[in-house]
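Please view the sequence and the structure before reading on.

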Amino acid sequence: MKRTVKHIFYTLFITAILVSCGSEASLQHYFVDNQESSNFISQDIPISMVKLDKSNFSEEQNEAFNSVKRLNFLGYKVSETEAETFKTELTKVKTILKDSKYNDLMEFSDKGRKVIVKYVGTDDEADEVIVFGSSKDLGFGIIRVLGNDMNPDKMVTLVTALQTANIDESQIEDLMNFFK
């Protein structure tokens with residue numbers, strides 16, 4: 001009898017563990033699964049290492065910038081020989097970002113490149129901001145912006161300021177060379 005109870009207990013325990021390890025697709029899992037793949041480049045960048053001219057930033061933009069702690073970047077380089085793989089990977093990312101936990105923040109296009117900005121959290125505080133950019137010629141890149149007390153509205157003003165900001169390109173030279 002004790003042996004049967006032990007077997008039932010162990011079976012329930014193992015089942016509970018397996019069920020709790022759901023296979024739900026998430027951006028974090030996508031980063032981990034692909035960071036070592038050959039067509040991908042991955043970098044974690046502490047915001048303290050990003051040198052940026054903030055002299056023209058408003059108080060709101062400065063506050064948004066200071067709420068950011070680090071950036072996780074994952075990029076996929078398109079190649080002519082692996083066009084189908086590119087489409088598959090692009091579809092995977094778009095499917096993940098369609099999940100209802102990712103709230104729309106802004107979207108824009110520039111020179112054949114599409115950029116989508118989403119966030120995870122509430123209207124008052126974002127746990128994570130996602131910047132997803134894609135181009136048929138270059139590939140795609142995902143930036144996970146992680147920090148404390150990030151406000152989605154203020155992040156929009158920051159993204160707008162960064163579009164025209166004077167950024168030292170030597171800081172991102174390795175990333176840009178990957179896409180060439």
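A residue is called buried when its relative accessible area is under 20%, and exposed when that area is over 50%. The model described here is a predicted one.

Helix 4 covers residues 83-97. At 1.5 Å a residue, its 15 residues should span 21 Å, and the end C-alpha atoms are 21 Å apart, so the two values agree.

The buried residues of helix 4 are F86, E89, L90, V93, I96 and L97. Seen down the helix axis, these buried residues fall within an arc of 125°, so they line one face of helix 4. The face turned away from the buried side carries E84 and T95, which are exposed.

## What covers the buried side

Both helix and strand elements cover the buried residues of helix 4. Among them are helix 2 (27-34), strand 1 (40-46) and strand 2 (68-77). Strand 4 (113-121), strand 5 (126-135) and strand 6 (139-150) are also included.

## K118 in strand 4

K118 is found in strand 4. Is this lysine buried or exposed? K118 has a relative accessible area of 12%, and the cut-off for buried is under 20%, so K118 counts as buried.

The contacts of K118, leaving out residues up to four places away in sequence, are L97, Y102, N103, D104, L105, E128, V129 and I130. With L97, the side chain of K118 reaches the backbone oxygen at 3.2 Å. E128 is 10 residues from K118 in sequence, and their C-alpha atoms are 8.6 Å apart in space.

Key. Residues numbered from 1 in each chain as written. Predicted model: local features only at pLDDT ≥ 70, side-chain atom pairs only at ≥ 80, totals over all residues. Heavy atoms only, no water. Helix = DSSP H or I, 4+ residues; strand = E, 2+ residues; numbered from the N terminus. Expected span 1.5 Å × (residues − 1). Buried < 20%, exposed > 50% of the residue type's maximum accessible area, 1.4 Å probe, protein only. Arc of directions from axis to C-beta. Contact = heavy atoms within 4.5 Å. Polar contact = N/O pair within 3.5 Å; in protein donor to acceptor, adjacent residues only side chain to side chain.
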